[in-house]
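Grab a pencil and work through these exercises with the model open beside you. Each one sets a task and then walks through a solution.

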Amino acid sequence: MSTTADIIRANKEHTIASWTAQNAWNPITMDHAEGVYFWDTDGKRYIDWSSQLVNVNIGHSHPHVIKAIQEHIARISYAFPSIATEARGRLGELLSEIMPGKLSKAFFTNGGTDAIENAIKAARLFTGKQKILARYRSYHGATFGAATAGGDPRRHGHGPGIPDIIHLPDPYAYRSPVYRGRTQEEGDLIMADMVEEIILMEDPKLCAAILLEGYSGTSGVLQPTEVYWNRIGELCKKYGLLLIVDEVMSGFGRTGEWFGINHYPAVEADIMAVAKGITSGYVPLGAAILSEEISAYFNDHPFSMGLTYSAHPLAMAAGVATIEVYHQENLIEHSREMGKVLRRGLMDLAEKHPLIGDIRGAGCHQVIELVKNRDTREPLSPWVGGFTEPMAIVNKTLREEGMSTFVRWNMIFNCPPLVVTEAQIKEGLDIIDHALTKIDSYYEG
Ligand SMILES: Cc1ncc(COP(=O)(O)O)c(C=O)c1O
């Protein structure tokens, strides 16, 4: 049996960690996990406050999904993508039942970033146009096309990316100067009008699609209101652009609806990208889901995209079982209800800690943004550059006290598995309370 030190040494000596200088990689180990908790190899328990990478929506080690995976591998270990399997057809059916609007046919990928790549390709093939409009403060994945579409500063240094991506300014109500002295709805309308201006400048005849996260995630849960979304829907129709909705993080109950876009019933997506919660992370899987009209186009035109592991039988079985769990355990409603409990708890923390400048999100998908001063809103850590001292203290304290979550820039993400209970929310918030108490003195009020 390897010791914790052995495990970490082997990981660090022979494997590369994502998004970090390797010397700064200081991993927690994982021995086993259940529900909202996991245990390291020394037996220390962590509350999983970010559902790992906001994907373990049904919680760890769910017996229904584990059984489905085990039974399926015993029958079929691999089938190449042109073979039809029962699980693949069933997952397609289950997805089409929960998809909003006219989304009906899934092309299966290995994860989120390739769901986005293929969504962009499908939009370009269908429209015969090239330009894709996407927000600066968004994350769509790490492969070249998806990373170019996202505006996350981590893409800098990778080179020029793919051509014909146009970035849009963000409806960031808490910080954008457009919102000063205005309500969020008033600011959102101006931001959407600016999108129209950009479409006109870029020439609608060259613009294939607008790509937006159904509910903003990694960039800080920067979500505009219905006013913005409805106007974006109208602009797509007016100028003949498709709407690609990225639900990789916000899908499958995360925000208390099946998909983030469900918060805006008047808006119809033409293509949706999903991943993460589709299997709750148990097996890698993503999908680009096409509307009836776009799918019909590919009846007579080649769908010139493919992946060796598209529709892998294990992923199909895991997807079917995971969606069954969402239904059987009413997890979408549960996420909505727990979201209210979480929001009340975060608001109580804000009363106690003036460092909390803003709270955003819905369901099990909420963020707090920390500031030096509530009037100036100066962030406790900048958008570009490393952690400042207080954020490093928060990060360290959360971990010491047994919480694993995302701490990015000046934000703490609160995204537990959807199965979380009220008592577990209290437990998590108590840990955050302790961590914030340690840095209260950095407030410059
Ligand atoms: C909104 C969104 N899109 C795409 C991706 C990329 O997904 P993956 O990491 O599975 O490639 C992510 C990952 O966090 C995401 O949050």
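**Exercise 1.** Find the volume of the second largest pocket and work out which elements line it.

*Solution.* Start with the volume: the second largest pocket comes to about 410 Å³. Here a pocket is an open set of points on a 1 Å grid over the protein atoms alone, with protein on both sides within 12 Å along at least five of seven lines, and lining residues have an atom within 4 Å of a point. Grid points are joined across faces, edges and corners, and the volume is the space filled by probe spheres set on the points.

Next, the lining: it has 15 residues, and R88, K105, A106, F107 and F303 are the closest to the centre. Then sort by element: α4 (86-98), β4 (103-109) and α9 (292-300) each give two or more residues, and β4 gives the most, with five. (Helices are DSSP runs of H or I with at least four residues, strands are runs of E with at least two, and both are numbered from the N terminus.)

Finally, the classes: seven lining residues are nonpolar, six polar and two charged. Ala, Val, Leu, Ile, Met, Phe, Trp, Tyr, Cys and Pro count as nonpolar, Asp, Glu, Lys and Arg as charged, and the others, Gly among them, as polar.

Before you go on, a word on the source: this is a predicted model, where local features need pLDDT of at least 70 and side-chain atom pairs count only at pLDDT 80 or more, while totals for chains, interfaces and linings use all residues. Residues are numbered from 1 along each chain as its sequence is written, and side-chain values use heavy atoms, with hydrogens and water left out.

**Exercise 2.** Describe the largest cavity and its lining.

*Solution.* A cavity is a set of grid points where a 1.4 Å probe fits but cannot get out. The structure holds one cavity of 30 Å³ or more, and the largest cavity has about 70 Å³ of space. Sort them and you get four nonpolar, three polar and three charged residues.

**Exercise 3.** Place M316 in the fold and list what it touches.

*Solution.* First, find M316 in helix α10 (residues 313-328). M316 has a relative accessible area of 0%, so it is buried; buried means under 20%, exposed over 50% and partly exposed in between, using a 1.4 Å probe and protein chains only. Then check its partners: leaving out residues up to four places away in sequence, M316 touches A87, R88, L91, F108, L285 and A311, where contact means heavy atoms within 4.5 Å. R88 lies 228 residues from M316 along the chain, yet their C-alpha atoms are separated by 5.3 Å.

**Exercise 4.** Classify two of the aromatic pairs, F252 with F259 and W258 with Y326.

*Solution.* Rings of Phe, Tyr and Trp (its six-membered ring) pair if their centres lie within 6.5 Å; planes under 30 degrees apart count as stacked, over 60 as edge-to-face and the rest as tilted. The structure holds 14 such pairs. For F252 and F259, the centres are 5.2 Å apart and the planes are at 70 degrees, so this pair is edge-to-face. Both F252 and F259 are buried.

Next come W258 and Y326, also edge-to-face, at 5.6 Å centre to centre and 75 degrees between the planes. This pair links distant parts of the chain: W258 sits in the loop between β8 (242-246) and β9 (271-274), and Y326 in helix α10, 68 residues apart. W258 and Y326 are both buried.

One more thing to spot: F107, F126, Y297, F298 and F303 form one aromatic cluster.
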